[in-house]
Amino acid sequence: MKLREIMTNQVVKIHPEETVSVAARILERNNIGALPVCRQDGRLCGMLTDRDIVTRCLAAGKSPESTRVREVMTGKIYVGRPDMEVSVAAGLMGREQVRRLPVMENGNLCGMVSLGDIARKEESSMDAGDALMEISDHLSSRE
């Protein structure tokens with residue numbers, strides 16, 4: 001199974017100069033946990049998660065109304081391709097400790113895949129479970 005078969009095609013994204021408070025409202029309104037951060041030209045430059053907002057903005061004592069997304073986003077991005085096997089993507093997600101993977105084609109953001117998307121597909125649910133186990137094992141080893 002390929003990522004194109006399970007990815008979300010309608011991707012909500014945000015500009016790096018937008019404020020964290022706007023990003024939080026977008027996350028809440030769309031019931032999602034992450035936003036790809038794209039420059040004016042559409043190029044992906046980061047990911048902003050609900051956890052980034054809590055740990056790098058709120059817990060750090062910064063104001064969401066004046067803090068820019070670029071200040072708290074995760075800059076290191078792992079991406080998939082529409083023709084990537086779901087099992088390969090799940091392995092990448094587990095290894096790199098990411099729960100969401102932007103899908104890129106010809107330099108353009110064309111979709112998003114989450115561990116939940118992978119788990120919802122019966123034949124790939126073991127891949128999602130393996131990836132989540134790897135993420136969980138990594139988190140518990142840091143304590």
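# Briefing on a predicted protein chain

Among contacts in the protein chain between residues at least 6 apart in sequence, 54% join residues at least 24 apart. The model described here is predicted. The protein chain has 143 residues, of which 41% count as buried. Its secondary structure comprises 6 helices and 4 strands, and from the N terminus on these elements run α-β-β-α-α-α-β-β-α-α.

**Packing of helices α1 and α2**

- Two packed helices are described by the angle between their axes and the distance between the axes.
- Helix α1 covers residues 20-30 and helix α2 covers residues 50-58; their axes come within 10 Å and cross at roughly 150 degrees. Because angles over 145 degrees count as roughly antiparallel, α1 is roughly antiparallel to α2.
- The crossing of α1 and α2 is left-handed.
- On the α1 side, the contact involves Val-20, Ala-24 and Leu-27, which meet Asp-50, Ile-53 and Cys-57 of α2. By class, this contact of α1 with α2 has 5 nonpolar residues, no polar residues and 1 charged residue.

**The buried face of α2**

- Asp-52, Ile-53 and Cys-57 are the buried residues of α2. Seen down the axis of α2, these buried residues fall within an arc of 100 degrees, so they line one face of the helix.
- The cover over the buried residues of α2 includes α1, the strand β2 (44-49) and the helix α3 (69-72).
- Ile-53 and Cys-57 are listed both among the buried residues of α2 and among the residues of α2 that meet α1.

**Residues brought together from separate parts of the chain**

- Asn-9 lies in the segment before α1. With a relative accessible area of 49%, Asn-9 is partly exposed, since the exposed class requires a value over 50%.
- Asn-9 and Met-112 are 103 residues apart along the chain, and their C-alpha atoms are separated by 6.9 Å.
- Gln-40 is placed in the loop between β1 (34-38) and β2. The relative accessible area of Gln-40 is 72%, and this residue is therefore exposed.
- Gln-40 and His-15 are 25 residues apart along the chain, with a separation of 7.1 Å between their C-alpha atoms.

**Positive phi values in loops**

- Most residues other than glycine have a negative phi, and most peptide bonds are trans.
- Asn-31 has a phi near 55 degrees, which is a positive value in a residue other than glycine. Asn-31 is found in the loop between α1 and β1. At a relative accessible area of 71%, Asn-31 is exposed.
- Gln-97 likewise has a positive phi, near 65 degrees, and is a residue other than glycine. The loop that holds Gln-97 runs between α4 (86-96) and β3 (100-105).
- Gln-97 has a relative accessible area of 23% and is partly exposed, because the buried class is limited to values under 20% and the exposed class to values over 50%.

Definitions and conventions
Residues are numbered from 1 along each chain as its sequence is written. This is a predicted model: local features need pLDDT of at least 70, side-chain atom pairs count only at pLDDT 80 or more; totals for chains, interfaces and linings use all residues. Side-chain values use heavy atoms; hydrogens and water are left out. Axes are lines fitted to C-alpha atoms, for helices over the stretch in contact, and angles run from 0 to 180 degrees between N-to-C directions. Helices (H or I, at least four residues) and strands (E, at least two) are DSSP runs, numbered from the N terminus. Angles under 35 degrees count as roughly parallel, over 145 as roughly antiparallel, 65 to 115 as roughly perpendicular and the rest as oblique. A crossing is left-handed if the near helix is turned anticlockwise from the far one by less than a right angle, and right-handed if clockwise. Contact means heavy atoms within 4.5 Å. Ala, Val, Leu, Ile, Met, Phe, Trp, Tyr, Cys and Pro count as nonpolar, Asp, Glu, Lys and Arg as charged, and the others, Gly among them, as polar. Buried means under 20% relative accessible area, exposed over 50%, partly exposed in between (1.4 Å probe, protein chains only). The arc is that of the directions from the helix axis to the C-beta atoms.
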